[in-house]
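Open the model in your viewer and keep the selection tool at hand. The tour has two stops.

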Amino acid sequence: MKAAIEEADAENLKDPDVDELSHFILRLSYCQNEELRRWFLDKECALFQNRLESRSHDGRSLHKSLALTPISQEEKESMSKELQAFLSPREVFAKTEFYAVPFQQALTLVSSRQCFLKGGKAYVSESKVHSILTLKFRSHLSRILVQMSNLRKNQTIDPEKARIEPLLANMSRVLVDSEPSDHMAVHQMGGPLNASNLTQYKENMPLCMRQLHNGLVKDGKLKHWGRLQYGLFLKGAGLSMEEALGFFQRHFTAVTGEKFQKEYSYNIRHMYGKEGKRATYTAYNCSKIIMGNAPNAGDHHGCPFKHYDAQHLGTLLQSLRIGTPEERSEILALKKSNQFQLACAKHFEVMHPGSIKMDNVNQDNVGNHPNAWFRASVSYLEAKKGLTADVTP
Ligand code: SF4
């Protein structure tokens with residue numbers, strides 16, 4: 001038995017499709033916290049399921065690779081009527097193998113009447129046995145990840161750990177999905193957007209997001225619509241879920257860490273599609289924000305050009321030192337004639353003089369999408385930096 005396992009391991013190390021080394025390196029990196037563990041488990045289970053299916057298709061039977069024994073031909077024939085009732089449409093009885101597993105391991109199939117029960121055993125066809133194996137794989141991997149996490153925390157610092165620890169700590173950030181365009185723009189400015197450098201990009205945000213950021217800092221929290229509008233914008237700007245959790249927890253100074261974990265962290269994970277329906281939520285565009293719920297007292301969401309009255313907006317522009325008095329009057333005139341998005345585009349123009357002539361500052365959607373405003377603003381700064389560098393002797 002030991003020899004067989006060693007032989008299989010040696011074979012796997014040579015097989016690029018199996019790629020066990022990467023799997024174990026990722027285990028080390030993704031065991032760090034619950035979020036990462038959950039993400040890793042989802043991906044590994046999907047991969048595991050896929051491999052099981054391809055093993056069935058290419059004729060390599062499960063009992064060989066997973067030490068599962070199919071029932072004998074005689075036993076199968078003796079229950080043929082009952083077993084055939086549980087075949088999926090693409091399975092042919094004569095070619096299908098059945099496995100007998102303790103019914104406790106097939107509770108999902110038992111509860112949905114997808115297998116035949118007899119003498120405390122569930123008789124499961126090959127295609128359905130995959131779901132049992134995936135469940136077992138998930139709970140096994142989950143247990144191992146928790147153990148690894150504890151081991152990593154308790155390990156003393158030695159030179160080897162010091163060498164690889166930064167690599168393991170940052171690996172998850174490299175692999176987390178993000179919206180490429182904004183991410184790229186910020187990356188050019190010196191690293192991806194994260195909980196620590198986010199505030200330095202405050203002035204690259206359109207007025208709506210700047211107000212949300214200022215509101216968050218002032219109140220030490222954001223209400224529901226504000227969290228959604230700002231959170232999805234930051235996601236669109238390339239902030240990873242882990243960094244978003246860190247950023248909001250750090251800025252939710254009005255609530256305790258425990259309350260944040262209980263009441264707010266779920267919403268942030270949900271925004272990233274890691275909770276609930278696991279849907280993909282994208283940043284709101286200007287029409288959605290302008291036509292959406294108007295802010296009430298204590299709210300910071302919405303579009304200032306639409307939802308603030310002219311006096312409030314004028315005072316805000318002045319306090320933020322946006323443009324000259326004449327430029328502010330132009331913005332206010334657009335707001336008063338209900339051309340909110342043009343007022344926002346004018347705000348961009350005032351804050352980024354000469355940008356219209358810069359090839360690498362794409363202003364196409366400025367005034368239509370907050371992330372386009374942000375992206376163009378970051379590109380503008382980058383282009384200016386380049387110009388400065390060109391003239392520096
Ligand atoms: Fe934000 Fe769009 Fe309003 Fe500009 S027009 S402040 S980007 S919602």
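Predicted model: local features only at pLDDT ≥ 70, side-chain atom pairs only at ≥ 80, totals over all residues.

At what angle do the axes of helix 11 and helix 13 cross? Select residues 207–219 for helix 11 and residues 241–251 for helix 13: their axes come within 9 Å and cross at roughly 50°. Helices here are DSSP runs of H or I, at least four residues, numbered from the N terminus.

Residues are numbered from 1 along each chain as its sequence is written, and side-chain values use heavy atoms, without hydrogens and water.

Next, show side chains where the helices meet. His213, Leu216 and Val217 of helix 11 meet Phe247, Phe248 and His251 of helix 13, contact meaning heavy atoms within 4.5 Å. Four of the residues in this contact are nonpolar, two polar and none charged.

Now select the ligand. Around the ligand (a heavy atom within 4 Å) are Pro206, Cys208, Cys286, Ile289, Cys303, Pro304, Phe305, Cys344 and Pro370. Helix 16 (286–291) and helix 17 (304–307) each supply at least two residues of this shell.

Conventions. Axes fitted to C-alpha atoms, helices over the stretch in contact; angles between N-to-C directions. Nonpolar A, V, L, I, M, F, W, Y, C, P; charged D, E, K, R; others polar.
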